[in-house]
Number of protein chains: 2
Amino acid sequence: MNEPVFWLAPLASIFALYFAWRFFREMRTQDEGTETMREIGAHVRKGAMAYLRQQYKIMLVVFALVAGLFSYLAYGLGVQNPWLPVTFIFGGFFSALAGYFGMQTATLASTRTTAAARTSLAGALNVAFRSGAVMGLVVVGLGLGNLAFWFVLVDLFTAGDPGDGAYLVLVTTTVLTFGMGASMQALFARVGGGIYTKAADVGADLVGKVEAGIPEDDPRNPAVIADNVGDNVGDVAGMGADLFESYCGSILAASALGAAAFAAEPAMQMKAIAAPMAIAGLGILLSVLGVFLVKTREGAGQKELLGALSKGINTSAALIVVASAAVLWLLGIENVWGVWGAVVSGLVTGLVIGRSTEYSTSPSFKPTRSIAAAAESGAATTIIAGIGVGMLSTVIPVLAVATGTTLAYLFASGFDPTQMTQGLYGIAIAAVGMLSTLGITLASDAYGPIADNAGGNAEMSGLGPEVRERTDALDSLGNTTAATGKGFAIGSAALTALALIASYIEVIRIEMIKAGTTMLDLGHGFSVATADASLLDFMAYYEVTLLNPAVLVALFLGAMVAFTFSGLTVQAVGRAAQLMVEEVRRQFRENPGILKGTSEPDYERCVAISTVGAQREMAIPSLIAIAAPIVVGLLFGVAGVIGLLAGGLATGFVLAVFLSNAGGAWDNAKKHIEAGNHGGKGSPAHRASVIGDTIGDPFKDTSGPSLNILIKLMSIVAIVMAGVTLSYTLI
Amino acid sequence: MNEPVFWLAPLASIFALYFAWRFFREMRTQDEGTETMREIGAHVRKGAMAYLRQQYKIMLVVFALVAGLFSYLAYGLGVQNPWLPVTFIFGGFFSALAGYFGMQTATLASTRTTAAARTSLAGALNVAFRSGAVMGLVVVGLGLGNLAFWFVLVDLFTAGDPGDGAYLVLVTTTVLTFGMGASMQALFARVGGGIYTKAADVGADLVGKVEAGIPEDDPRNPAVIADNVGDNVGDVAGMGADLFESYCGSILAASALGAAAFAAEPAMQMKAIAAPMAIAGLGILLSVLGVFLVKTREGAGQKELLGALSKGINTSAALIVVASAAVLWLLGIENVWGVWGAVVSGLVTGLVIGRSTEYSTSPSFKPTRSIAAAAESGAATTIIAGIGVGMLSTVIPVLAVATGTTLAYLFASGFDPTQMTQGLYGIAIAAVGMLSTLGITLASDAYGPIADNAGGNAEMSGLGPEVRERTDALDSLGNTTAATGKGFAIGSAALTALALIASYIEVIRIEMIKAGTTMLDLGHGFSVATADASLLDFMAYYEVTLLNPAVLVALFLGAMVAFTFSGLTVQAVGRAAQLMVEEVRRQFRENPGILKGTSEPDYERCVAISTVGAQREMAIPSLIAIAAPIVVGLLFGVAGVIGLLAGGLATGFVLAVFLSNAGGAWDNAKKHIEAGNHGGKGSPAHRASVIGDTIGDPFKDTSGPSLNILIKLMSIVAIVMAGVTLSYTLI
């Protein structure tokens with residue numbers, strides 16, 4: 001820790017947590033509104049906490065089992081990093097803690113947002129946005145703080161000579177195992193949450209809106225609370241855990257690759273490790289600054305509000321470009337401008353993906369409008385148009401990632417083809433750059449469900465239409481920023497997964513050194529010490545070439561896993577929603593007072609059904625995601641594992657963009673029609689667009705985002721299972 | 001040609017063409033039925049020929065342009081094989097010729113099938129099936145005959161020492177260029193044909209069935225002839241050209257890899273080249289035998305007919321297993337049983353994919369039934385269920401291809417990890433094995449549209465319901481065998497593309513030798529003559545490893561191209577169908593006599609609209625498929641090209657299976673409901689299932705099969721552009 005700049009990370013993390021606490025306290029002091037409003041808020045909070053309790057209960061069991069297995073592998077068989085059982089539990093715990101804080105804040109804030117919306121839009125924005133910032137700052141604060149903590153701790157307890165190049169590689173690859181717990185928790189939050197939210201949503205709509213003919217968010221609908229809980233479960237806790245994982249994963253991968261890239265120059269190693277931490281730390285400070293910039297005068301209109309929001313986000317992004325140049329220069333890292341170029345490449349890639357998401361899914365542009373127009377000829381043409389739009393929407397994001405990674409690689413390698421590891425370090429740094437201002441981008445994402453819930457509360461509490469209008473304005477404002485947020489989520493998942501795949505080989509190196517496989521030797525007749533082997537040496541040794549059939553077969557398997565995972569999550573929503581439909585129908589049938597408004601429906605049962613359904617349905621897809629890299633590793637070895645990860649990443653990324661954008665475009669095509677186009681509400685085109693929206697729901701909120709988790713989880717599983725793969729390969 | 005077994009190929013090809021001619025003559029002597037039947041048949045034939053004329057006209061222009069470009073590259077710049085301009089034109093010409101014969105036969109046969117169906121089912125089967133066999137035999141006859149011819153010719157005109165190992169590598173890689181023309185023609189036939197058939201189908205249904213309320217195949221529908229033409233254009237000409245390409249491509253790749261694998265043993269080289277040709281020749285003889293086995297007694301029932309059909313197909317397949325062992329043993333090829341194992345692996349892979357297609361899409365099994373059940377809750381759940389079924393249906397085909405290629409590789413390499421090229425030769429041989437009995441499998445595919453058209457003819461000619469019942473029975477029989485046929489088409493496309501990718505490096509080798517790049521030298525410090533370089537040497541030299549960012553980026557691009565291509569073809573059908581809808585509406589509006597049955601609609605205009613629409617809409621997707629490998633090659637070089645091909649293949653294969661099976665399952669779920677389940681025809685479930693079927697149409701008949709072309713075309717473009725890639729790489 002002889003790099004003072006490193007300490008920026010823990011300090012910034014404390015800073016983040018302090019402001020998160022301040023914003024939380026500030027929110028608690030706000031007016032909670034009427035008795036009814038409070039009651040409804042309590043229902044939602046109770047449901048959300050019930051969901052979390054259930055999820056944490058199952059997680060406890062799963063984590064205990066997996067930690068036990070890891071312990072056996074580590075201490076019994078000795079084929080596993082001894083730190084893993086501990087870092088695994090901590091990674092999961094802190095991600096879960098961030099989710100808990102975020103959900104608490106969001107559910108407490110929505111009532112207060114409704115209350116504020118009774119008087120002004122600007123006030124409501126303030127409550128909602130700063131509460132969203134709690135989630136953003138808790139995620140980055142707990143994430144970065146932990147990484148810094150583990151880095152110091154592992155460094156302290158690792159035997160070896162800190163002056164030796166291999167020492168820091170060992171330390172950073174050990175800390176990398178922290179990602180496993182975060183990834184596993186993200187799986188529960190994102191996949192389980194995604195199934196929960198859509199089961200509740202589809203179930204509530206199908207019986208309430210379609211069969212019983214009552215409006216959205218009507219308190220007579222037994223699934224209405226589950227639906228509101230779902231927004232928090234999916235968009236707050238799920239999104240938060242997803243990005244917690246990306247955030248930690250990208251910093252961890254950058255550290256490991258930085259240590260590896262400069263293994264021959266120990267003086268430079270610590271700088272390369274400190275750089276991503278320092279950039280992340282700076283990003284936190286600038287995020288807090290950005291949050292404070294989001295303010296507007298009393299009585300501001302929608303356009304002005306959007307301006308205020310953009311001002312906060314854009315200022316943070318612009319300043320990080322300048323500030324990261326300064327900190328890298330201060331740090332005196334080799335090839336300062338190359339590394340800085342990588343940071344900027346990552347940031348720009350994120351922005352481009354965000355804008356392209358907006359283009360593909362906003363009713364202001366051609367793609368979504370073409371779907372709305374197709375709705376005039378019926379449901380079939382609506383679906384076909386949406387599928388076409390979704391598939392074509394993959395072009396820009398893929399080109400952005402391709403260009404961003406190529407540039408980051410070239411910049412960081414100084415255009416020197418022999419500096420492959422430096423280049424890969426650049427890709428990881430690009431991911432860190434993209435996520436550096438996560439504190440504020442996540443805030444602008446997490447405030448959406450708060451506003452959405454506030455609207456539900458206004459509806460259920462029977463407040464005047466002007467309140468609902470204000471919360472709707474906030475909600476639709478949130479949709480614009482959410483498009484950018486979603487772009488960042490999938491883009492950062494891709495870059496993080498790429499960086500994790502690149503660090504995989506460093507973990508393999510450590511395992512080989514531990515196992516005493518010190519020399520490489522093969523057909524080419526060269527022989528080199530494992531510690532000195534270059535990436536190309538490894539690739540030659542393990543035959544990780546595309547003409548090795550193990551690699552080709554694994555590529556196919558990777559592509560298949562992405563499709564299978566999506567198919568299973570799509571079907572899971574269908575099945576869980578079916579249970580919800582039956583429960584709502586049962587309540588209406590057995591208690592006719594509910595629809596008359598004379599007796600209260602049993603909200604808890606619906607919450608319980610969604611909760612249990614989500615946990616049960618996520619079992620098989622999760623198992624596949626975890627088992628795939630282990631099984632392929634046992635069958636085909638290192639080359640097969642890398643093939644699987646690459647195939648899963650390429651197909652998974654493109655499939656995720658397709659699913660998310662098709663779903664988003666259908667949703668907004670419906671809204672466009674509801675705004676009075678193509679016949680407006682109740683027209684045949686509207687009916688067709690509702691079908692498109694229903695199909696798009698699991699696409700955009702379950703299967704698409706779940707793929708973010710799949711591609712990262714498979715990489716991190718491969719990393720922690722590297723020792724097992726090396727010890728027990730069959731073919 | 002000192003291997004007598006080689007001559008089996010040209011002989012068998014003449015044998016195939018002779019029997020094709022015999023079956024054609026036999027069909028011509030059959031009764032053509034009444035005046036009306038003849039007239040309708042003439043309409044369809046005229047439409048089909050109008051389509052072919054238009055397609056060939058455009059092809060002539062495109063082929064002239066591309067051949068000109070190839071000539072410039074070859075003779076002007078010297079970066080291209082000088083044979084290419086010639087083989088390119090011949091490949092295209094013979095594929096087109098096969099399509100022409102097939103279409104002529106199919107359109108002439110359908111009226112005669114109707115005529116035969118007036119008296120018996122068995123007679124109708126005989127006419128339809130043997131006419132389908134004309135297509136099958138013409139494809140294999142022209143394909144294999146041409147390859148043998150070019151092989152002899154190129155051998156004759158190639159300078160060099162036939163005793164030298166490099167000589168036959170040069171000859172086989174030159175003949176490989178024959179695949180480019182076949183591939184380009186397949187693009188027109190499959191993509192253009194796919195758009196044509198669905199534009200006509202959807203257009204005819206939307207206005208005729210839905211708006212005007214007239215039944216399917218009603219002669220008052222102006223698009224009815226276009227619809228019937230479409231069946232021939234898509235399922236006869238499109239499928240034929242697709243498989244012509246796979247058939248030639250797999251044999252060509254096997255020859256090239258065989259020559260490369262035994263470059264050190266010139267005595268074994270010719271045997272390795274003769275083996276795929278001989279197996280294909282044997283397959284032709286056994287296919288003809290199989291066709292003769294398909295006969296049944298007068299008055300046989302449906303089950304008996306299916307038995308007769310299966311008997312023919314299964315006997316051919318079983319006998320090829322035995323016969324190929326004999327011929328390989330006779331040939332005295334090294335590792336006889338290993339190569340034979342590869343043949344069998346390929347055959348079994350094809351069968352497994354076929355059966356899994358049947359499982360996923362037949363109403364007798366759970367997946368399709370679950371879609372039918374979901375239709376009870378409306379269109380949205382029908383679509384979601386179908387998407388889920390389609391995504392999960394990718395598991396078995398991917399596992400089959402993965403297992404098949406792994407086994408073929410291991411068998412052919414004799415489980416010796418240093419024999420990589422032998423192993424890849426095994427993968428190509430597996431593709432040859434899968435397609436060896438194409439003569440009869442294609443027959444059982446091509447007779448479906450003949451029966452389908454016969455049904456249309458019966459309807460339009462006002463024949464009694466018993467005739468339609470018989471043709472429907474034939475049609476539904478065809479659907480069962482078509483599932484297997486589709487499995488073979490996609491499975492063989494995957495294996496062929498794999499084999500082509502593997503042969504790419506041999507083409508690179510030749511180009512390097514020509515360019516004088518004789519030595520390899522890199523970081524590993526080894527140096528080897530290009531002629532003696534192993535696959536691993538090449539991979540190391542070009543850094544075709546998965547951690548090379550050029551490869552990773554290209555993988556993403558490959559996955560994206562597959563999605564973009566599908567998105568474009570899906571949208572193309574939508575646009576072309578829209579034009580058809582407008583034309584049919586216009587005719588109904590301007591000529592009220594049509595619906596009253598007093599005046600004849602203008603069939604030709606509808607045919608022309610579909611024809612022109614198909615040709616226009618295929619331009620952009622085709623351009624992308626052709627440009628992608630060239631552009632990526634120019635940007636990222638050899639490593640990038642291989643990454644693109646691998647990414648496109650893995651994602652394209654899985655996406656194709658998903659699209660085809662989802663479409664097939666929706667189609668059959670509708671039929672299942674129409675058979676009286678879930679409320680039967682006219683029920684809400686039926687209406688929902690019709691929406692699913694309409695969405696599935698472009699999935700299963702346009703985008704899915706077009707992906708077969710994409711994955712092969714990109715590989716062959718890469719192969720013929722190898723010289724350009726090597727001469728002009730930017731990065």
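A:Lys712 counts as buried because its relative accessibility is 1%. Buried means under 20% relative accessible area, exposed over 50%, and partly exposed in between (1.4 Å probe, protein chains only). The residue belongs to helix H22 of chain A, residues 684-720. Leaving out residues up to four places away in sequence, A:Lys712 touches A:Ser183, A:Asp242, A:Glu245, A:Ser246, A:Ala493, A:Thr496 and A:Leu500. Contact means heavy atoms within 4.5 Å.

This is a predicted model: local features need pLDDT of at least 70, side-chain atom pairs count only at pLDDT 80 or more, and totals for chains, interfaces and linings use all residues. Residues are numbered from 1 along each chain as its sequence is written, chains are lettered from A and ligands numbered from 1 in the order written, and side-chain values use heavy atoms, without hydrogens and water.

Helix H22 of chain B also spans residues 684-720 and holds B:Ser689. B:Ser689 is buried, at a relative accessible area of 2%. Its contacts, not counting residues up to four places away in sequence, are B:Ala375, B:Thr382, B:Lys670 and B:Ile673.

Now chain A as a whole. It has 23 helices and 2 strands. Helices (H or I, at least four residues) and strands (E, at least two) are DSSP runs, numbered from the N terminus. For 731 residues, a compact globule would have a radius of gyration near 27 Å, and the 25 Å of chain A agrees. That radius is taken over C-alpha atoms, and the globule rule is 2.2 Å times the number of residues to the power 0.38.

| Property of chain A | Value |
|---|---|
| C-alpha box along the principal axes | roughly 80 × 50 × 45 Å |
| Buried share of the 731 residues | 68% |
| Accessible surface (Shrake-Rupley, 1.4 Å probe) | about 22,100 Å² |
| Carbon and sulfur share of that surface | 63% |

Among contacts in chain A with a separation of 6 or more, 82% join residues 24 or more positions apart.

How do the two chains relate? Chain B can be laid on chain A with an RMSD of 0.1 Å by a turn of 180° and a shift of 0.0 Å along the axis. That is the relation of a two-fold axis. The copies are superposed by least squares on C-alpha atoms of residues with pLDDT of at least 70 in both. In chain B, B:Thr545 comes closest to the rotation axis, its C-alpha at 2.3 Å. The same surface serves both copies: 100% of the contact residues of chain B recur in chain A.
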